[in-house]
Amino acid sequence: MGRFLLLISAFLIPFSLLAFLFKRAFQNMAERFQQVPQQFPSLKGFLLFLLPLPVMSAAVIALARGHVVELLGNAAGYGLFLSGALLLRRGLLREADYDRRRVARAPYPLKTLGSVLIALATGITASFGVHHHPLIAVAFGLLALLGCYLSYGFDPLTAKRFTDAEGLDATDRVVEALAQAERGITAIEQATREIGNAELNQRLRRIAKLARAILTLLEEDPRDLRRARKFLNVYLDGATQVVAGYAKTHGRVSKPELDDNFRRVLITIEEVFTEQQQKLLESDVNDLDVQIEVLMTQLKREGVA
Amino acid sequence: MSPVLRKFIGLLLIFATVGVVSCQALVTASCSSNAPVIHALPLR
């Protein structure tokens, strides 16, 4: 058994080093392509799906050999490993979302919960699957928890708050408005799957892209929400309803006038969204102009410029 | 401790616990003797 452990560690250490180096290389590559968001699905937390795979095989072998304790231990251990890895991965994705936003609620402690489940799974597998002494099993569990904490960290606990011009806390309002807008854009994107017209789909994709760009601007500076209220409450909502209605109706009724009207509406929506984006960008430029002017005046007053 | 070193130590710990326990569970299940039910079958 000692020789086996030595062999395993001799294999694991270079493997972990290689995995670490590959991750760094991929990160560097990803930084070069940051202009293309969500091009590759995130691989965060996948390691914890792969490492416990032998436990599943062990459970199957224990079943075939009729070993009840090992079967139950390995099956429970693998179930907990899988649940923990799922929670941890979801927590990591939520944390990435939290880091990206300027205004956000504190995420549910999914990462912490996932780490605890993985520690529990390690302990149960060590105790019932491998028949280690309970103290050794507890040590395995605690070390796994420490490993998860050092590698992935625990969840952020504080919300990123935003106060409006009157000094009131507007975090919930901003988060809700952005979430609603996100739902609208997703509905538009989903409608493209139901509409079989390539030209209309292309227009819809452009509209969704524009709306997302506007949403990014709003996320970066939630003070713009007041300026974009009409966009969120009237244009985006209206566009979502019209697109969903067309996606539902056009399959049943084939009227060329309907297609023409829809095309015209889409052209108008696209123009309005572009105009809205320009307005937000211009307001940012104006804000910057004012800041530069204030700084120049201050510097002149101090006799520096 | 730098974040890179911290992550590396964390990964090593995960391999040393989750990875080792998983492999040990597989080896224990593979190398243990067969079920008593099979041994209990009457010999002809």
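Colleague: Which residues of H9(A) are buried?

Modeller: In this predicted model, the buried residues of H9(A) are A:Phe231, A:Leu232, A:Leu236, A:Ala239, A:Thr240, A:Val243, A:Tyr246 and A:Ala247. They get that label because buried means under 20% relative accessible area.

Colleague: And what covers the buried residues of H9(A)?

Modeller: The cover includes three helices of chain A: H7 (171-194), H8 (198-220) and H10 (256-302).

Colleague: Where is the kink in H9(A) centred?

Modeller: On A:Tyr235, with a bend of about 25°.

Colleague: Why is A:His131 called partly exposed?

Modeller: Its relative accessibility is 47%. Buried needs under 20% and exposed needs over 50%, so a value in between counts as partly exposed. You'll find A:His131 in the loop between helix H5 (110-129) and helix H6 (134-152) of chain A.

Colleague: What makes the phi of A:His131 worth a look?

Modeller: A:His131 has a positive phi of about 65°, though it is not a glycine. Most residues other than glycine have a negative phi.

Colleague: Which residues form the nonpolar patch on the surface?

Modeller: A:Leu288, A:Ile292, A:Leu295, A:Met296 and A:Leu299, with about 430 Å² of accessible area together. A:Leu299 sits in helix H10 of chain A and, at 30% relative accessibility, counts as partly exposed.

Terms used:
Residues numbered from 1 in each chain as written. Chains lettered and ligands numbered in written order. Predicted model: local features only at pLDDT ≥ 70, side-chain atom pairs only at ≥ 80, totals over all residues. Heavy atoms only, no water. Bend = angle between axes of the 7 residues up to and from the residue. Helix = DSSP H or I, 4+ residues; strand = E, 2+ residues; numbered from the N terminus. Buried < 20%, exposed > 50% of the residue type's maximum accessible area, 1.4 Å probe, protein only. Contact = heavy atoms within 4.5 Å. Patch = residues over 30% accessible without salt bridge, like charges linked within 9 Å, V, L, I, M, F, W, Y side chains within 5 Å. Areas by Shrake-Rupley, 256 points an atom, 1.4 Å probe, with all protein chains shown as cover. Salt bridge = Lys/Arg side-chain N within 4 Å of Asp/Glu carboxyl O.
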